[in-house]
Amino acid sequence: MLKKGMTKPTPEQIEQLTLAFERFTRRFKVAEAAAAMENSLNALDVQALLFVSEHPDCTLGDVARNLQVALTTMSSSADRLVRREMIRRQRPEANRRSVALTVTPKGKEAVAGYMAGYHDACRAMLESLDAAERAEFVRLTQRIADYEG
């Protein structure tokens, strides 16, 4: 539902944004692929590692829901990350039936590498804008990212 005073985007605007986001996300995919090759991780494992890093002691179900994948798929990803010593499974004292996931020091190093790649891609994009454009771009991007409609 549109807020008062807002209009629907035109087909041309949708097409322009689609193309811009395709180019935009390609930069992140290139940065992510470079770090993934270094760590021998697939895209799902990378995203799972990043989520666990941001949400210490989360459950496998938390990660699966966030990444919108089946629990069995997420379980396989977690198995791979455990074998690579990037995450650890632990049973919390409060609930011994549950399993909490945490990032290991090796996993933290990998996350730092991914984040450095993302920062480099963002820096390159922002450098093409002047100060006012940067502020507006960041503001609008955050607004879009926070939109839950």
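This is a predicted model: local features need pLDDT of at least 70, side-chain atom pairs count only at pLDDT 80 or more; totals for chains, interfaces and linings use all residues.
Residues are numbered from 1 along each chain as its sequence is written, and side-chain values use heavy atoms, with hydrogens and water left out.

**View 1. Overview of the protein chain and its elements.** The protein chain contains six helices and two strands, where helices (H or I, at least four residues) and strands (E, at least two) are DSSP runs numbered from the N terminus. Read from the N terminus, the order of the elements is α-α-α-α-β-β-α-α. Of the 149 residues in the chain, 24% count as buried, the term buried meaning under 20% relative accessible area, exposed over 50%, and partly exposed in between, with a 1.4 Å probe and protein chains only. Among contacts with a separation of 6 or more, 52% are made by residues 24 or more positions apart, contact meaning heavy atoms within 4.5 Å.

View 2. T102 counts as buried because its relative accessibility is 11%. The side chains of T102 and Q90 are joined by a polar contact of 3.1 Å; such a contact is a pair of N or O atoms within 3.5 Å, of which, within protein, one must be able to donate a hydrogen and the other to accept it, and residues adjacent in sequence count only if both atoms are side-chain atoms. When neighbours within four places in sequence are left aside, T102 is in contact with V52, D57, M86, I87, R88 and Q90. One of these partners, D57, is placed in the loop between helix 2 and helix 3 and has a positive phi of about 70° although it is not a glycine.

**View 3. Packing of helix 2 against helix 4.** Helix 2 and helix 4 pack at an angle of about 80° with their axes 10 Å apart, the axes being lines fitted to C-alpha atoms, for helices over the stretch in contact, and the angles running from 0 to 180 degrees between N-to-C directions. The two helices are therefore roughly perpendicular to each other, a term that covers 65 to 115 degrees, whereas angles under 35 degrees count as roughly parallel, over 145 as roughly antiparallel and the rest as oblique. L44, D45, A48 and L49 of helix 2 make the contact with T73, M74, S77, R80 and L81 of helix 4. These residues divide into five nonpolar, two polar and two charged; Ala, Val, Leu, Ile, Met, Phe, Trp, Tyr, Cys and Pro count as nonpolar, Asp, Glu, Lys and Arg as charged, and the others, Gly among them, as polar.

**View 4. The buried residue D45 in helix 2.** D45 is found in helix 2, which spans residues 43–54, and counts as buried because its relative accessible area is 1%. A polar contact of 2.6 Å links the side chains of D45 and S77. Beyond its neighbours within four places in sequence, D45 is in contact with S77, R80, L81 and R84.

**View 5. Packing of helix 2 against helix 5.** Helix 2 meets helix 5 (residues 105–127) at an angle of about 105°, the axes lying 10 Å apart, and the two helices are therefore roughly perpendicular to each other. V46, Q47, L49, L50 and S53 in helix 2 meet G107, A110, V111, Y114, M115 and Y118 in helix 5. By class, this contact has eight nonpolar, three polar and no charged residues.

**View 6. The largest nonpolar core.** The largest nonpolar core has 21 residues, and those with the most contacts inside it are L41, L49, V52, V63, L81, I87 and Y114; such a core is a set of buried Ala, Val, Leu, Ile, Met, Phe, Trp, Tyr and Cys residues joined through side-chain atoms within 4.5 Å. Two or more residues each come from helix 2, helix 3 (60–67), helix 4 (71–83), strand 2 (100–103) and helix 5, and helix 2 gives the largest share, six residues. Not counting residues up to four places away in sequence, V63 touches A48, F51, V52, C58, M74 and L101.

View 7. E54 lies in helix 2 and counts as exposed because its relative accessible area is 56%. The C-alpha atoms of E54 and V103, which are 49 residues apart along the chain, are separated by 9.2 Å. E85 is placed in the loop between helix 4 and strand 1 (87–90), counts as exposed at 53% relative accessibility, and has a positive phi of about 60° although it is not a glycine.
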